[in-house]
Amino acid sequence: MKSLILSIVTILSFTVVVCAQETEITNGLYSTYNTYKELSLKQRRIKHKDLQPLIKKYTNNAKFKVTKVGESIEGRSISLVSIGTGKINVFLWSQMHGDEPTATQAIFDILNFLDANSFQKEKEKILSKLTLHFLPMLNPDGAEYYTRRNTLGIDINRDALHLQSPEGRTLKRVRDSLKANFGFNLHDQSTYYNAERTNKPATISYLAPAYNYEKDINEVRANAMKVIVYMNSIVQKYAPGQVGRYNDDFEPRAFGDNIQKWGTSTILIESGGNYDDVEKQEIRKLNYVSILSAIYTIANGSYANIAIDDYNKIPENDRKMFDLKMTNVSYNLLGKTYKLDIGVNHTEIDNPMHTNFYNIGRIADQGDLSTYYGYTTFNAEGYTAVQAKKYPKTLKSLEQFSKLNAFALLKEGYMYVPVDKVPVKLKNTQLPLHIVNTGYVLPKVMRLTPGKNPNFFLEKNGELVYAIVNGYLIDLKTKKGYFKNGLILK
């Protein structure tokens with residue numbers, strides 16, 4: 001008995017020491033991140049061509065092995081970057097969906113870290129125990145057009161059984177050839193997910209996919225759960241309360257579920273939304289820190305001591321976030337006044353080259369939204385929604401429009417400005433005003449309706465205090481409030 005107690009104490013002491021070491025390393029990874037950030041990748045709409053100079057750099061670096069493992073339907077190369085000499089194979093693949101690139105950027109941050117002359121002791125342990133394999137962009141055709149599916153029009157993540165796509169066949173072949181012990185399936189999810197029953201966005205969500213309908217837990221899946229528990233503890237330090245757990249219903253066509261079934265402990269990471277992080281650069285950093293921390297705990301083997309019970313304590317994903325939530329808005333309709341909550345979301349509309357975007361705001365829902373949350377929440381108690389007006393003068397050019405004092409017009413109740421000779425290709429404005437043609441007619445009665453582009457004022461005591469332009473809330477007194485673009489309305 002005494003021997004058993006001594007053994008337990010020894011194990012607990014070892015765990016505490018390892019956790020303390022890993023915590024110190026994690027803090028160092030976070031604080032030094034900018035040293036390793038790949039500066040050539042600055043925004044979400046990255047393309048295959050943007051990665052090629054980086055792939056070439058690692059091809060010419062003796063520390064790494066770069067292998068062309070496949071091609072997309074349109075002939076773009078798919079590359080695997082490997083480093084390490086350990087017997088445990090860890091396989092990370094990203095951008096299976098072309099419009100989900102956050103982790104792709106983080107992969108190159110991690111490669112920069114592995115190449116640098118720092119954290120040598122930790123990297124020696126990692127690279128002697130593990131061999132790391134990175135597939136940064138599985139769907140380069142989808143990335144080219146910033147779309148989820150590949151050129152065949154299928155979702156690669158539903159192609160694990162029939163393997164109809166060359167990209168899916170590449171993923172299966174690489175996984176099988178490596179016989180990977182651990183796999184990281186890296187995605188982006190909707191920014192409108194929140195951690196269940198909280199007002200916090202699900203900035204990062206995890207899943208240890210089920211490998212059967214019964215959702216059984218074998219050693220392979222349990223190991224994935226343990227690593228997720230550890231990663232959650234890391235992210236909680238930097239984004240407290242902003243972690244969710246993805247639904248684990250078995251999807252027999254999905255790669256994650258099947259790779260788990262094939263014997264690789266598979267960890268799904270979904271990058272969601274975050275406050276004031278449109279291009280997801282802070283979320284990219286969280287990927288970098290949490291993935292490297294996970295790799296270190298796998299190399300240490302310390303994840304094995306983690307209780308899987310903590311996995312189910314991570315809140316489930318819910319989808320109850322709005323970009324803007326306004327509560328208690330007074331709304332006059334047919335001679336009567338009502339009170340409404342209004343939830344607004346913004347849809348990204350790509351430019352023809354898929355290198356940038358503008359936004360169109362829509363009322364996503366209205367009524368009682370007390371169980372929903374907003375990235376921005378405004379209590380409009382005492383404020384009445386008032387219809388915006390059309391400016392009485394027609395401007396001759398965009399140059400004249402660009403010189404307008406937008407806030408002066410907004411304070412007078414004008415939001416729509418007629419302009420002659422607007423280029424057909426122009427879709428949005430940089431001022432918090434909308435451009436319309438001379439014949440544009442406003443409706444006689446303002447209607448707030450789900451699906452409608454929200455443009456109105458909030459009035460209090462006879463004064464216009466806030467403008468809602470294309471769904472963006474702007475304080476007319478302080479001129480504060482996030483705003484991206486107005487629209488060209490025909």
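In the predicted model, T102, A103, Q105, A106, D109, I110 and F113 of helix α4 meet Q281, I283, R284, N287, Y288, I291 and L292 of helix α10, contact being taken as heavy atoms within 4.5 Å. By class, this contact of α4 with α10 has eight nonpolar, four polar and two charged residues; Ala, Val, Leu, Ile, Met, Phe, Trp, Tyr, Cys and Pro count as nonpolar, Asp, Glu, Lys and Arg as charged, and the others, Gly among them, as polar. Residues are numbered from 1 along each chain as its sequence is written. Local features of this predicted model need pLDDT of at least 70, side-chain atom pairs count only at pLDDT 80 or more, totals for chains, interfaces and linings use all residues, and side-chain values use heavy atoms, with hydrogens and water left out.

Helix α4 spans residues 102-115 and α10 residues 281-300 (helices are DSSP runs of H or I, at least four residues, numbered from the N terminus). Their axes lie 8 Å apart, at an angle of about 50 degrees (axes are lines fitted to C-alpha atoms over the stretch in contact, and angles run from 0 to 180 degrees between N-to-C directions). α4 is therefore oblique to α10, a class left after under 35 degrees (roughly parallel), over 145 (roughly antiparallel) and 65 to 115 (roughly perpendicular).

Helix α8, residues 219-238, also packs on α10, with axes that come within 9 Å and cross at roughly 140 degrees. This pair is therefore oblique. V227, Y230, M231, I234, V235 and Y238 in α8 meet L286, V289, S290, I291, S293, A294, T297 and I298 in α10. The residues of this contact comprise eleven nonpolar, three polar and no charged.

Conventions: Helix = DSSP H or I, 4+ residues; strand = E, 2+ residues; numbered from the N terminus.
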